[in-house]
Amino acid sequence: MTAVYKPEKALEFAMHISAPTTPEEGFDSFRRGWEAQTGAEYPAPSFTPGRAGEFEISARAVTVLDSVIADVPSTSLLGTLRGVPLYEDNRVMVHVVRRNTWRFDRRGVDRLTVPAGRFLVHRSGPPVHETARDTAAKVLILPASAVGPLRGDRLITGAADAPEMRMLLAHVRMIDETLAELTPAGLHAARNTLIELVGGVAAGRSDGSEPRLAAALVRAVKDLVDHRLTDPDLSPAMLARALNISVRTLHRAFATAAADHANIRGGAGVGRADTVAGYIRDRRLEQARSALRTPAGRPSVAEVAARWQFADSSHFIRAFKSRYGRTPAAYARDCDHAEPPEE
């Protein structure tokens, strides 16, 4: 029986392999590079490369206990992910394709082409033939025993902007940003949340009311807000619809995340950015301030207010002064008279 892959600390890996002659040598070099850099066994199922010249791949990966998060830009990948006996601790693989396509063919039964903007979840039991050329993807590798059974062990696909996948990718980004700072307890919490969210993607639903998912939900909300700041319809209700949760659940997640953050800061109070509406307003004010800092082609106060969806100039001026202690016009004048930064 295969040993369970579970290093007790975060590991990092980065490598580029080009095998213009023998693909087997290329994959073996890739596997050996993983083991040399991380000091741990290669976590993915065995891979049989295809014909010569069809294995050139890069990867940057981190481990979260027994799970792996990888960025994989593949110049040329052709081969078969070998099957794993059911009694072994096989893996659940998640591919979120960001460029071009990744093709999967499982024993001629399931054939699927996953284009950019889509994802695939599958178990590494039956052999899967893969083809990816000039493709980029986020790839997750997790223990199947922790994720639980997939629906009939089928290839599960969907849109990368589905609510469950938004939450999963938001959590992945948080792990990438904070991995070096995580305590052992934090690493375990990050891993457990990752497993929970992948299970939600596979099932087509996530429990947004689950307290331990609050941070991932809040991050997903903030990512949506940052992409839609100029949308006049941006609101808690709109965000709740996009993530397939109730407005009440949305507000509860922000309150939970704010309370957790306050505990970390030693009981600091809740601010406006710790609420949904407060975060939207603060981000719009930050963008407005950035626009006012530019001397060449600077928009008028009214234009800035309209672009960032303030009700009118008076409302914008009051909000800006409350946040930054000066009116927008005074701030722009101060920027004009400020000395240029030293080069």
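**Salt bridges and a buried threonine in the predicted model**

Asp105 and Arg111 form a salt bridge in which the closest N and O atoms are 3.4 Å apart; a salt bridge is here a side-chain nitrogen of Lys or Arg within 4 Å of a carboxyl oxygen of Asp or Glu. Asp105 is partly exposed, with a relative accessible area of 23%, and Arg111 is exposed at 64% (buried means under 20% relative accessible area, exposed over 50%, and partly exposed in between, with a 1.4 Å probe and protein chains only). The structure is a predicted model, in which local features need pLDDT of at least 70 and side-chain atom pairs count only at pLDDT 80 or more, whereas totals for chains, interfaces and linings use all residues. Residues are numbered from 1 along each chain as its sequence is written, and side-chain values use heavy atoms, with hydrogens and water left out.

The average pLDDT of the protein is 81, and 81% of the residues score at least 70; pLDDT is the predictor's confidence in each residue, on a scale from 0 to 100. Over residues 264-271 the pLDDT falls below 50, and this stretch has five contacts in the model beyond near neighbours in sequence (contact means heavy atoms within 4.5 Å). Where pLDDT is low, the predicted coordinates should not be read in detail.

By the stated rule, the count comes to 16 salt bridges. One of them pairs Arg98 with Asp71, with the closest N and O atoms 3.5 Å apart. Arg98 belongs to strand 5 (residues 91-99) and Asp71 to strand 4 (residues 67-81), so this pair ties together parts that are 27 residues apart in sequence. Helices (H or I, at least four residues) and strands (E, at least two) are DSSP runs, numbered from the N terminus. Arg98 is partly exposed at 48% relative accessibility, whereas Asp71 is buried at 18%.

A further salt bridge joins Arg323 to Glu286, the closest N and O atoms being 3.9 Å apart. This pair links distant parts of the chain, with Arg323 in helix 10 (residues 313-324) and Glu286 in helix 8 (residues 276-292), 37 residues apart. Arg323 is partly exposed, at 30% relative accessibility, and Glu286 is partly exposed at 28%. Through salt bridges that share partners, Arg60, Asp71, Arg98, Lys138 and Asp176 are joined into one network.

Thr63 lies in strand 3 (residues 55-64) and counts as buried, at 1% relative accessibility. The side chain of Thr63 reaches the backbone nitrogen of Leu11 at 2.9 Å.

Notes: Polar contact = N/O pair within 3.5 Å; in protein donor to acceptor, adjacent residues only side chain to side chain.
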